[in-house]
Amino acid sequence: MTTPTTTRTTPALAIAAGLLATLLVPAAQAVPADAGTAAAAVAPDIPVANVKAHLNQFSTIAANNGGNRAHGRPGYKASIDYVKGKLDAAGFTTSVQQFTSNGATGYNLIADWPGGDPNRVVFAGAHLDSVTSGAGINDNGSGSAGILETALAVSRAQYKPAKHLRFAWWGAEELGIVGSKHYVANLPRTERSKIAGYLNFDMIGSPNPGYFVYDDDPTIEKTFKDYFAGLGVPTEIETEGDGRSDHASFKNAGIPVGGLFTGASTRKTAAQARKWGGTSGQAFDRCYHSSCDTTANINETALNRNSDAAAYAVWALSS
Ligand SMILES: [Zn+2]
């Protein structure tokens with residue numbers, strides 16, 4: 001768990017955080033126990049076939065570029081170009097932010113959906129880089145593809161949210177959340193204060209999945225929990241990846257964060273296997289950071305549920 005920084009407790013930011021919490025509360029109160037019906041009525045179902053099609057593209061990109069999509073390697077830039085092409089065609093305003101890490105150029109892709117209150121930004125992100133040992137289809141093709149398809153659903157629906165929507169695909173996460181740190185460090189304080197919430201998706205299709213929700217911002221956490229409760233799928237608080245992904249860059253700047261995770265190298269317990277199915281005593285993702293993190297390393301049900309949950313939260317928190 002990341003220790004809160006001193007800046008987070010300064011009066012100005014504490015007041016700002018309080019205001020943001022207040023702004024977020026009405027949305028949550030408008031969709032209480034029956035959250036599933038109210039917001040799900042407007043949030044579209046994300047077609048898992050489309051999410052899988054993006055994973056197939058990431059797999060092909062890796063195969064054509066030395067087997068990976070890692071920072072500083074051609075497969076990473078090709079991944080950026082693929083995602084950017086889809087978003088540009090769908091009407092997003094995209095920008096590519098460059099940075100340097102380990103002597104190589106890295107890239108963050110930022111995509112804004114035109115419209116919505118620019119002073120209240122709902123932000124979803126995922127890291128797009130893999131490790132060098134493989135194609136990184138679960139880690140983190142899954143989160144990247146899930147939010148890409150959510151963004152494309154925003155375009156298909158021509159959604160007009162009350163708040164402004166922003167999506168990002170981060171570079172060099174695997175080198176120590178470098179890309180997202182760079183983004184937040186270069187964001188003026190006034191721009192940081194406009195981010196009502198940052199939602200992180202890093203591994204959402206683990207082959208032996210768990211259903212984990214970050215316990216950071218209470219409103220974001222409740223939104224995700226409401227979605228899974230509506231499906232009758234029990235969740236647990238995420239602990240394995242705490243501070244180990246891009247949400248930490250935002251959290252350390254005092255921005256409310258949340259997210260979803262289906263597990264990495266930690267083993268599923270017997271109790272977890274009873275409630276979620278799968279294999280107890282086996283890692284949630286046996287191919288974590290390995291060459292076998294391929295398109296075969298994905299549980300389609302988990303990918304589907306988590307992609308739908310991402311869309312549900314984006315709609316519910318921005319409406
Ligand atoms: Zn990851």
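Two exercises on a predicted model follow, each with a worked solution.

Residues are numbered from 1 along each chain as its sequence is written. Local features need pLDDT of at least 70, side-chain atom pairs count only at pLDDT 80 or more, totals for chains, interfaces and linings use all residues, and side-chain values use heavy atoms, without hydrogens or water.

**Exercise 1.** Find the strands that pair with strand 3, and the sense of each pairing.

Solution.
- Start with the terms. Strands (E, at least two residues) and helices (H or I, at least four) are DSSP runs, numbered from the N terminus. Two strands pair if DSSP finds at least two bridges between them.
- Take strand 4, residues 163-170. It pairs with strand 3, residues 117-127, in the parallel sense over 8 bridges. Gly125 stands opposite Ala168 there.
- Take strand 5, residues 195-201. It is also parallel to strand 3, over 5 bridges. Phe123 faces Tyr198 in that strand.

**Exercise 2.** Locate the residues that touch the most other members of the largest nonpolar core.

Solution.
- Define the core: buried Ala, Val, Leu, Ile, Met, Phe, Trp, Tyr and Cys residues joined through side-chain atoms within 4.5 Å. Buried means under 20% relative accessible area (1.4 Å probe, protein chains only).
- The largest core has 66 residues; Phe167 and Trp169 touch the most other members. Helix 11, residues 300-318, gives the most to this core, with 11 residues.
- Another core lies apart from it, with 14 residues, including Val121 and Tyr198.
- List contacts (heavy atoms within 4.5 Å). Beyond four places in sequence, those of Trp169 include Tyr76, Leu128 and Ile147.

Terms used
Buried < 20%, exposed > 50% of the residue type's maximum accessible area, 1.4 Å probe, protein only.
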